[in-house]
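Trainee: Can we go through the charged pairs in this one? I have the file open.

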Amino acid sequence: MSRAARPLPAPDTAAPPVPIGDYGLLGDTRTALLVSGDGAVDWFCVPAFDGEPVFGRLLGGPPAGTFRAGPALPAQRLSRRYLRHCATLETVWAAGRGRLVLTEAMVAEVSGQLLPATVLVRQLSAEGAPVAAVIEFDPRLGEHHRSPRVRRGPDLVCEWGPLALSLGSDPELDLEPGRPAAITVMPGRPVTLVLSVAAGEPLVHVNPAAAWGLVEADEARWRAWAAGIDERIPFREAVVRSLLTLRLLTYSPSGAPVAAPTTSLPEDPGGIRNWDYRYAWPRDASIGVGAFLAAGKTGEARGFLGWLLHASRLQRPRLPALLSLTGRHAPRERELPGWPGYANSVPVRVGNGAADQHQLDGYGWVIDAAWVLVQAGHRLYSETWRAMRGFADLVALRWQEPDAGIWEIRGDAAHHVHSKLMGWLALDRALRIGESHRLGDRQRRRWQSARAAIAAEVRARGFDPARGSYTRSYGSADLDAALLILPLLGFEDAGSARMRGTVDAVRRELSAGGPLLYRYPPGCDGLPGTEGAFLPCSFWLVQALARTGRCREAAGLFEALLERATSLGLYGEEMDPATGAHLGNFPQALTHAALVQAALALRDTAGPQL
């Protein structure tokens, strides 16, 4: 094996960006990274999902840093997959007369305990013949792409004040930050790289020669976890991968669900629709409760609700639209000057301005999640029930106000029909929980009165008799794909003419072709440019069809959506209807949670016929 760095061709900075859907996800439930099909880690924030990137080429171009391990020369990629029911990623290339295999994982736990630091293990192995490979380790921290202070010990250490990265290898290689190293990988003699992260704590040294044992133990842990997922769920392999993805997108120190591990991947390539999703939305947490609980994962469901209870404590009874991973107000939204963005999509943003919006629908999602737990036989802790009562009281007080709606459009608030219905759901589920938990008569009557008033107003002002459909907002002729959750609420009989009419109208008028839907009519949000089809809405359509008795049609639509996953079974937030390219922040927790819930709806309505 050659240990000396040899000059390599300069990268083609004018090359088109790696497609968003070509990236794989590795994570340890504290942070996550995106690795491309050529073995380049192009996005990795430390020490947590919402930290600063040390490898940020995805949005900042070459000056923002990367960590590549792969073939030295152009090579045909033969396969790429997650090992079954775990979070280890394998990529295989044909290279000369041999094959080069990159197997990599982030190790989350050892002996049931969360590791004190993030650890990434990457292993290159050759099959059939020696293979020329390259290792490029070029960490640059944060907004200004700061170069590290470098020192050497047993490992190569890169430091920025209290933050440090440690890179070790077996066999020992002569690696230098920013200088690609050309090596030869011999059959039977794999090259193992171990990257450790420390933030204000001593670096954890992991012996590269023993590191693969940690990966194998982590694989066994993930497989044992996956074995506990309900065997009766149809399309179980896709469900397991989605639940694994949701688990990887959970911040273990607090239990917070992360919407996505990225910021500013565009909904409209070359445009301005670029937002920071590295935070926790109570709505997403609540959808995750239902997905995990129905799949047999009670611990994860309770963990999400526990995070929500803790995170909202300072602002109750107001429920923030989104929160930081530690339950604080999300950072102020700002732009990063000089960052070119993905596919020249600027600005690149950090922070999220939607944090200050009033979104009525969130209360419905949250109280419904608590009701799902109660339905499953779990009693709410007294503090949890006290919080839910406070949320219901606020809905009863404020439901008549306009709100920003589920889609967080940054314009004038409106009387969104979906929001009103979720307000109705909040009160309905609180009343149901109150049947088995302590509830005063006066509070019960107040909720009953408000629930009835919402229902009457929505039926009178939110329904278009000419189309036979509920509408996006009072007085609007537009439709809203969020209305597809109507058949799941119990607001009306799922098979009623109004329910079917709404489902059919949304499917017809918001169609983006095939199984894809726009979330609202394109061009009506006041932003320049366009956006893709919104993938969670398509999975909501599967649920709606199943709940309205069209199970065979729902199953066919679900299968068509599975074909639009990436080769690794991942989904973004949106999809270009013309090309099938994934758009927006990636991978998207809401899409994966909606997939799980769609599969559960098929299980509950179609049963063994699938």
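Trainee: How many salt bridges does the structure hold?
Mentor: The structure holds 42 salt bridges, each being a side-chain nitrogen of Lys or Arg within 4 Å of a carboxyl oxygen of Asp or Glu. This is a predicted model, where local features need pLDDT of at least 70 and side-chain atom pairs count only at pLDDT 80 or more, while totals for chains, interfaces and linings use all residues. Residues are numbered from 1 along each chain as its sequence is written, and side-chain values use heavy atoms, with hydrogens and water left out.

Trainee: What does E333 form a salt bridge with?
Mentor: One partner is R349, with the closest N and O atoms 3.5 Å apart. That pair links distant parts of the chain, 16 residues apart. R410 also forms a salt bridge with E333, at 2.9 Å between the closest N and O atoms. Those two are 77 residues apart.

Trainee: Is R349 buried or exposed?
Mentor: R349 is buried, at 8% relative accessibility; buried means under 20% relative accessible area, exposed over 50%, and partly exposed in between (1.4 Å probe, protein chains only). E333 is partly exposed at 22%, and R410 is partly exposed at 42%.

Trainee: Which residues are linked in a network of salt bridges?
Mentor: D230, R232, R547, R603 and D604.

Trainee: Switching topic, what lies 2.9 Å from a polar atom of the T591 side chain?
Mentor: The backbone oxygen of G572. T591 itself is buried, with a relative accessible area of 0%.

Key
Polar contact = N/O pair within 3.5 Å; in protein donor to acceptor, adjacent residues only side chain to side chain. Helix = DSSP H or I, 4+ residues; strand = E, 2+ residues; numbered from the N terminus.
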